[in-house]
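Take a look at the model below.

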Amino acid sequence: MSHETPYTSPATAPAHTPQRRTHDAPAPPPLPEAVHTLVIGGGTGGAVFTAVTAALSDETVLLLEAGPDYGAADEGRWPADVLDARSIPLSHDYGLSTATTVGDGVLDLPRARVLGGCSSHNGCTASLGAAADYDEWAARGNPGWDAASVLPLLEWVRGRFRVRRYTTDELTEPQRAFVRAGQAVGLPFADDLDDIAAGEGIGPMPVNVVDGQRYNAAFAFLDAVRDRPNLTVCGDTPVQRLEIREGRAVGAWVSRDGEARLVRAERVVVAAGAYHSPALLLRSGIGAADELSALGVPVAVDRRGVGKHLLDHSCVQLDFHGRAGLVEDLSRLGWNPDEQTVGRKRSSLCDEGPYDLHVFMVAGANSGHPGLPPITLYGGAMRARSEGTVTLAPDLDVSRPVIDHRYGTDPDGYDRQVLSEALDLLRSMARVPELAAVLGEPATAEHDPLEQIVNYCHPAGSCAMGPASDPEAVVDARGAVHGIEGLHVADASIMPAITRGNINLPTAMIGAKIALTLLGLGPDEVTTALPVAHHAPDAPAALVTTTGTKARP
Ligand SMILES: Cc1cc2nc3c(=O)[nH]c(=O)nc-3n(C[C@H](O)[C@H](O)[C@H](O)COP(=O)(O)OP(=O)(O)OC[C@H]3O[C@@H](n4cnc5c(N)ncnc54)[C@H](O)[C@@H]3O)c2cc1C
């Protein structure tokens, strides 16, 4: 996530942001009439899938992205707000929302409509998840997704994203106080939060930020293959629906300059993210037959799991005014990742995995959103069990599906219990004198934070992977949609269970793994073809830059 009370707090949620801003990206290239592989959505999963397929095959690959493509990083066309890793930009937001589960509030659900997808506006914290997460995916009937199998690809995507570990010397005053407070209440210090084997602990969170700029999936993966003759990348080309004939996906209808056009393909790969991938499948007749019929959508296959089991981590928050002069002091520091300290702990209900609870702090002076409390402490339920839905609105607009996350509603009360324990932990940390001095007075109005559960911006699971025998599963272990030939999904929507960390890197791994699987190749091939040039998680100096070096308060 995030940070960002503007998106997450019902009290401060702004009106919907525009679907698209006016931008000055270059005009997209002409649309081919037919290709071998058509990829829909150039976000984290789609960018990685596309790069791997284009680099390791001669298949013609067409990537269609609804939002703009500003070109390679070194062309210098990307808007400053999208690059600036200090804040989550709203300029390319889809303007989606969900109802709160208490009261009649609305939570904004940030989603970026631009090449790189949410990796182009996210918080850049880098987690691989825990080994137990992937072993669970495999145990749910998805061979090849166990931790030992996916680890080489997780490490590869971490390197391509140029993730760097930070030392405590590089932290700001509030961040250092937060880490020490965690240690004071019993959490061990951790400097390996981007390690799949990491356990409980608190420390600096590694981030994929280079020179103060958000290093998005387009930079990390697509730039290396943009010159390949078999690849065409088209921004500003939203797909309206898939063309399915006799049980096979044969292309997609796209909108280009207001005109609908059919692009034919031998293979279609949907990577439109956990909200838009199910919306696109539903619009194309793949979903619960009765629900599709009620909307007047002809049924291609009755697959009731599409758009169901929508997962996310959920959060509670405590806001503070900050000590006198803190905002001014922080604003003098220049760039620093504001979500850069994370603590992990096992709740009393934790499964056999290493932790299921996050605490983190956002120092608002860097968030770029005036009027926010200077400091917010967050607690997250990292194995949240509440499940929501994605459905089509009556106008069948795939860009604006109806989303109901139902945060904090799991029948056993697991999520609320974990969030309650996260609050206890945060409150005990906030009493540690060093942190208390930095936090200043509480700014949260008198309310129970558990009555205002907010989102962590990690939607997943809405086209879950599982065997055909599981009626709720949407894709198999190759990412192939059950019941439709030639159609795959390769993004966060296929996670059968959410990983217990921020999910950008796991989603990138999904894109890579499905591409390799479809090409019949193993991880070694991709690490050779697209090597990691700058991965230095254990050697921070390699990426320290002038803009990344901070003055001390
Ligand atoms: C505000 C925010 C902060 C976050 N912070 C972090 C963080 O710090 N660390 C972390 O690990 N994760 C973070 N995440 C989560 C992470 O960035 C996402 O989970 C990840 O990027 C999702 O990848 P994806 O491929 O599933 O979808 P996306 O990246 O959302 O990509 C989907 C793409 O498909 C395009 N698309 C949609 N519909 C269509 C269509 N019909 N036709 C063509 N294109 C279409 C979209 O425009 C988009 O580009 C954050 C997310 C958000 C929103």
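Some sorting comes first: Ala, Val, Leu, Ile, Met, Phe, Trp, Tyr, Cys and Pro count as nonpolar, Asp, Glu, Lys and Arg as charged, and the others, Gly among them, as polar. On that basis, the shell around the ligand holds 19 nonpolar, 21 polar and four charged residues. This is a predicted model.

Which residues come nearest to the ligand? They are G41, G43, G117, G123 and N502, out of 44 residues around the ligand. Helices contribute too. α2 (44-56), α8 (273-283) and α13 (504-519) each supply at least two residues of the shell.

Step back to the whole protein chain. It has 14 helices and 21 strands. Of its 553 residues, 57% count as buried. Take the contacts with a separation of 6 or more: residues 24 or more positions apart account for 75% of them.

Now the annotated sites. An unreviewed UniProt entry places the feature "binding site" at V114 and V239. These positions span 126 residues in sequence, yet their C-alpha atoms are not more than 13.8 Å apart, so they gather at one spot.

Start with V114. Its place is in the loop between β4 (106-109) and α4. Is V114 buried or exposed? A residue is buried if 20 or more other C-beta atoms lie within 10 Å of its own. V114 has 32 within 10 Å, so V114 is buried. Leaving aside residues up to four places away in sequence, V114 touches G67, P68, V82, H92 and S120.

V239 sits in strand β9 (residues 239-245). V239 has 26 C-beta neighbours inside 10 Å and therefore counts as buried too. Again not counting residues up to four places away in sequence, V239 touches I40, L64, A252, W253, V254 and L280.

After α4 comes G141, with a positive phi near 95°.

Methods:
Residues are numbered from 1 along each chain as its sequence is written. This is a predicted model: local features need pLDDT of at least 70, side-chain atom pairs count only at pLDDT 80 or more; totals for chains, interfaces and linings use all residues. Helices (H or I, at least four residues) and strands (E, at least two) are DSSP runs, numbered from the N terminus. A residue is buried if 20 or more other C-beta atoms lie within 10 Å of its own, exposed if 12 or fewer, and partly exposed in between; C-beta atoms are placed from the backbone. Two residues are in contact if their C-beta atoms, placed from the backbone, lie within 7 Å. UniProt positions are given in the numbering used here, feature names are shortened, and annotations may be inferred rather than shown by experiment. A residue is near a molecule or strand if its C-beta atom, placed from the backbone, lies within 6 Å of it.
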